[in-house]
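Subject: Structure handover

Hello,

Here is the structure I promised to pass on. Please open it first, then read my notes below.

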Amino acid sequence: MITVFDDVSFVQAMLDFERALSAAEAENGVIEDDVAEIIGSCCDVLKFDLARLSEEAVQHGTVVIPLVRQLTQLVAGRDKNVSGWVHFGTTSQDVIDTAMILQLKKAFRFMETDVLRLDAGLKLLAEKHEKTVMIGRTLMQPAVPITFGQKVKGWRSAILRSWRRIENASAETFLLQLGGAAGNLSAFGDKGGVVTESCAKRLELGLSDHVWHVHRDRLVAFCSSVGIMVGSLGKMATDVSLLMQPEIGEAFEPFETDRGSSSAMPHKRNPVSCLTALSASKRVPHLVATLFDVMPQEHERALGGWQAEWTTIPAIMEAAAGSLASMADVAEGLEVNPEAMHRNLTALNGLVMSERVTSELSKRMGRGEAITIVSEACRRALDKDCDLSDILKADNRITKVFSANEIDEFMSPDSYLGTSTMSQ
């Protein structure tokens, strides 16, 4: 992803726009075919001095001016008369915005590969552990039994929803930007529409209903959708990293020699993939906030706001790609420890079944009295460090309405999983 947004790729994307523009102009009679051919033949990043582009961009507030200057010089080297048609009818923002869209489109395809990996890995995990019982935890405390499959299905569902959101946003966002100096393509006369259509077709981009130089809503919506997915990946990373704590020991990132090692403590196995995803989840919301902040842009070209996007959007995509690839690795190789899940469940001496006992008891004596009785029983079980079922079986208020066998049934985690084992 860093390569997608590096200087070489960005300059080539801008040159791809210039090539497509000249070809579209020739197709519609704005320039001659041989003019477009010469311009297009010079649109190769290897022919450009990137260091000089970088230096001169500072002087002009945009890289397009020195880019066009170098391109013009290259074209003039082949035919001086043709050089006057370089960059005809367009403006710096057309070049940069379209280049950014071309980069985002490529980034989207890379992300899709890891989304498919992640989805396949989570699907297999959910199926394998559909009946693996574990403790459900709320407010960081033991709650009721669930299955590990339920937890995995939750991760998968949220991530797939996020990806569909990105797909929908991409259809609205991957559009050509071509408006000319102030958005009305005045240099093309009555051919602005056909040139735009032809250019978009050559770049395999969609057409906007209106020039979007200062209307960034679609771009912000796309990046916001990416940000939401990063949050969903962060949720998965949070759960895995907590389950990976040795005192919990219920799931672990894939093991590789030296992976997650410590410089000082050889015993450590740090959750480095989760670290990557969680780091992204901390950064990306603030980067997306920058895009929201710069949405109110001045007149027909922004001063400062548009320029703030240039480093912000690549940073969002790079962080998202790292998070997605890391969690795809986790999904494909997550080590699950059902024995630890069972151990942690039984170590609570049946207390996680208090909700069910209360529910069943409420049917016989009313909820208020049932809550009082079971609450007292839980406290006694904690004080005596014994199983809740032993306390329940010794309470005459309970045994007069339930047999010992019924109490054992109520205390069975496997019989109180609700929809946790349902296929989705």
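Of the 424 residues of the protein, 51% count as buried. Buried means under 20% relative accessible area, exposed means over 50%, and partly exposed lies in between (1.4 Å probe, protein chains only).

Two notes before the rest. This is a predicted model, in which local features need pLDDT of at least 70 and side-chain atom pairs count only at pLDDT 80 or more, while totals for chains, interfaces and linings use all residues. Residues are numbered from 1 along each chain as its sequence is written, and side-chain values use heavy atoms, with hydrogens and water left out.

Overall form

The protein has 16 helices and four strands. Helices (H or I, at least four residues) and strands (E, at least two) are DSSP runs, numbered from the N terminus. The C-alpha atoms fill a box of roughly 105 × 50 × 35 Å along the principal axes. The radius of gyration is 30 Å, whereas a compact globule of 424 residues would have one near 22 Å. That radius is taken over C-alpha atoms, and the globule rule is 2.2 Å times the number of residues to the power 0.38.

Contact means heavy atoms within 4.5 Å.

Nonpolar cores

A nonpolar core is a set of buried Ala, Val, Leu, Ile, Met, Phe, Trp, Tyr and Cys residues joined through side-chain atoms within 4.5 Å. The largest one holds 105 residues. Within it, Met14, Leu104, Leu118, Phe222, Met236 and Met317 touch the most other members. Helix H5 (residues 92-128) gives the most to this core, with 15 residues. A second, separate core has 24 residues, including Val133, Leu345, Ala381 and Ile391. In soluble globular proteins, nonpolar side chains tend to be buried together.

Leaving aside neighbours within four places in sequence, Phe222 is in contact with Leu104, Phe108, Ile166, Ala169, Ser170, Thr173, Phe174 and Met317. Phe222 also forms one aromatic cluster with Phe108, Trp163 and Phe174.

Aromatic pairs

How many aromatic pairs does the structure hold? There are eight. Rings of Phe, Tyr and Trp (its six-membered ring) pair if their centres lie within 6.5 Å; planes under 30 degrees apart count as stacked, over 60 as edge-to-face and the rest as tilted. Phe148 and Trp155 form an edge-to-face pair, 6.0 Å centre to centre with 85° between the planes. Both Phe148 and Trp155 are buried. Phe402 and Phe410 are edge-to-face because their planes stand at 85°, with the ring centres 4.8 Å apart. Phe402 is buried at 6% relative accessibility, and Phe410 is buried at 9%.

The hairpin

Strand S1 (residues 133-138) and strand S2 (residues 141-147) pair in the antiparallel sense over five bridges. Two strands pair if DSSP finds at least two bridges between them. Met134 stands opposite Ile146 in S2. Two residues lie between the strands of this hairpin, and Leu139 takes a positive phi near 50° there.

Positive phi in loops

Most residues other than glycine have a negative phi. Here are two residues to check against that. His299 has a positive phi near 45°. His299 is in the loop between H9 and helix H10 (305-333), and is exposed at 68% relative accessibility. Asp385 has a positive phi of about 50°. Asp385 is in the loop between helix H13 (367-384) and helix H14 (388-393), and is exposed with a relative accessible area of 61%.

Two buried helix residues

Ser281 is in helix H9 (residues 272-293). Why does Ser281 count as buried? Ser281 counts as buried because its relative accessibility is 18%. The side chain of Ser281 reaches the backbone oxygen of Leu278 at 2.7 Å. Beyond neighbours within four places in sequence, Ser281 is in contact with Val230 and Gly234.

Ala26 is in helix H1 (residues 7-27), and is buried at 11% relative accessibility. Leaving aside neighbours within four places in sequence, Ala26 is in contact with Ile31, Glu32, Asp33 and Ala36. The C-alpha atoms of Ala26 and Cys223 are separated by 35 Å, and the two residues lie 197 residues apart along the chain.

Best wishes

Key:
Polar contact = N/O pair within 3.5 Å; in protein donor to acceptor, adjacent residues only side chain to side chain.
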